[in-house]
Amino acid sequence: MRARVFVTLKPSVFDPQGRTIVDALQSLGYQNVADVRQGKYFELDLATTERTQAEKLAADVADKVLANPVIESYRIEVD
Amino acid sequence: MKFGIVVFPGSNCDEDAFHAAKDVFGQDAEYLWHKDADLKGADVVILPGGFAHGDYLRTGAMARFSPIMAPVRAFAERGGPVLGICNGFQILLEAGLLPGAMLRNKGLKYRCEHIYLRVEQTDTPFSGAATVGQVLRIPIGHGEGNYFAPPDMLKQLEANRQVILRYTDPHGHVDDAWNPNGSVNAIAALCNGGRNVVGMMPHPERACEALLGGVDGCVIFDSIVRAFRSADSLALQR
C-alpha cells in the first residue's frame, strides 16, 4: 500500500517560509491569497496490503522520524 | 580531565572544539565516532557544530539515532556534563535531552557573524566561570537557530532558570534588532532540568584565541575545567 504523509507546522508556530511566500504572491498581484503555510510531503511505499497495518506503520514513522511533535503535526492518507 | 568530541558524518566544527580543548586549554581530548558504543572515558561530551547526516529532514533529526547517542544519553542521565554547540544543540533538542525545537531563522537567511550575548545563569558546568549579566561577543553560523518552545514550556524554562544565554545588544539589553534569528525570549543557550546538559547556538570554540577575532568563548571552556578542578578537590577532601 501507499501512504502519503503531510507534515505542517502547528498553527501556533510562526512559519517564516510561508510568510515570505505569501508576501511574494501578494507583490505579484495575488491579493486574495491571505496566508500560506509551507510543509513537507512524503510518499511511503509500504510492503503490506493491510490497511490498518499500513496506517499504523505510517503513523509510527511520522511520530518517530518525519515530524517533530514540538512544532509539527501530520496527516496521513493510505490507499 | 578528558573531553570527548562526537563526530557525526557532516560534523564540521569537531576539529575546532578539539583544538580549543587540547591546544588552548591543555586538556585531554578524543574524538568519538558516531558509531562508537562508548565514550572512551570522557569526563565531558561535546556535540559539535556542522550538518550531522546532512540535516536533510530536520536539523539533528537523524543524528539522534546514531549509536553514540545511547551512551551520551546514559551519561547525561547520570549527571555527566554534555555541551551541544550549534548543530549539537539542535541534536540535543531532537533527542529530547533539551526541551523545545529549532525553526528556520526568522529572516530566512543563514547568519554568520559575531553577536552579543548576556550571561543569565552561572550554576551550570559550562557557565560557572562567568558572571551574571556579563556580555560576551561570540560568533554564530546557522540557518536554523530560531529557538521555539510552546508557551507553557517556555514559562517553565524561565521559572526554572534554564535560560543560560540571551541575544542582546552590545550593552546587554534584549532588543529584537539584536536577535539574529527570532528565538523566543532571545534564547541563545539553555540547560536541562538537571543543569548538566547545555545547548548553545553561538560557537565558543571559535572565540578562544585573539588571532580568531576574540576570546570571549574561553569562559565556556574555563567553566568546564574549573568545574572539574573543584569536583576533584571535593573528591580529595573525601
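# A tour of chains A and B

Start with chain A and select helix α1, residues 16-27. At 1.5 Å a residue, its twelve residues should span 16 Å, and the end C-alpha atoms are 17 Å apart, which agrees. The expected span is 1.5 Å times one less than the number of residues. Helices (H or I, at least four residues) and strands (E, at least two) are DSSP runs, numbered from the N terminus. Next, pick Gly29(A), which follows α1(A) and has a positive phi, near 105°.

This is a predicted model: local features need pLDDT of at least 70, side-chain atom pairs count only at pLDDT 80 or more, and totals for chains, interfaces and linings use all residues. Residues are numbered from 1 along each chain as its sequence is written, while chains are lettered from A and ligands numbered from 1 in the order in which they are written.

**The interface.** Show both chains. Ten residues of chain B are in contact (C-beta atoms, placed from the backbone, within 7 Å) with eight residues of chain A. The chain B side has five nonpolar, one polar and four charged residues. Here Ala, Val, Leu, Ile, Met, Phe, Trp, Tyr, Cys and Pro count as nonpolar, Asp, Glu, Lys and Arg as charged, and the others, Gly among them, as polar.

**The sheet.** Now colour the strands of chain B. Nine of them form an open, mixed sheet in the order β2-β1-β3-β4-β11-β10-β9-β6-β7. Two strands pair if DSSP finds at least two bridges between them. At the edges are β2 (28-33) and β7 (135-142) of chain B, each pairing on one side only. From one strand to the next, the twist averages 25°.

Select β4 (82-85) and β11 (197-200) of chain B. They run parallel, joined by four bridges. Val82(B) has Val197(B) as its bridge partner. Axes are lines fitted to C-alpha atoms, for helices over the stretch in contact; angles run from 0 to 180 degrees between N-to-C directions.

**Strand β10.** Move to residues 187-191 of chain B. Five of the five are buried, so β10(B) is largely enclosed by the rest of the structure. Buried means 20 or more other C-beta atoms within 10 Å of the residue's own, with C-beta atoms placed from the backbone. β10(B) pairs antiparallel with β9 (163-168) of chain B over three bridges. Three bridges also join β10(B) to β11(B), again antiparallel.

Finish at the hairpin of β10(B) and β11(B). Five residues lie between the strands, and Arg195(B) takes a positive phi near 70°.

Technical notes. Two residues are in contact if their C-beta atoms, placed from the backbone, lie within 7 Å. A residue is buried if 20 or more other C-beta atoms lie within 10 Å of its own, exposed if 12 or fewer, and partly exposed in between; C-beta atoms are placed from the backbone.
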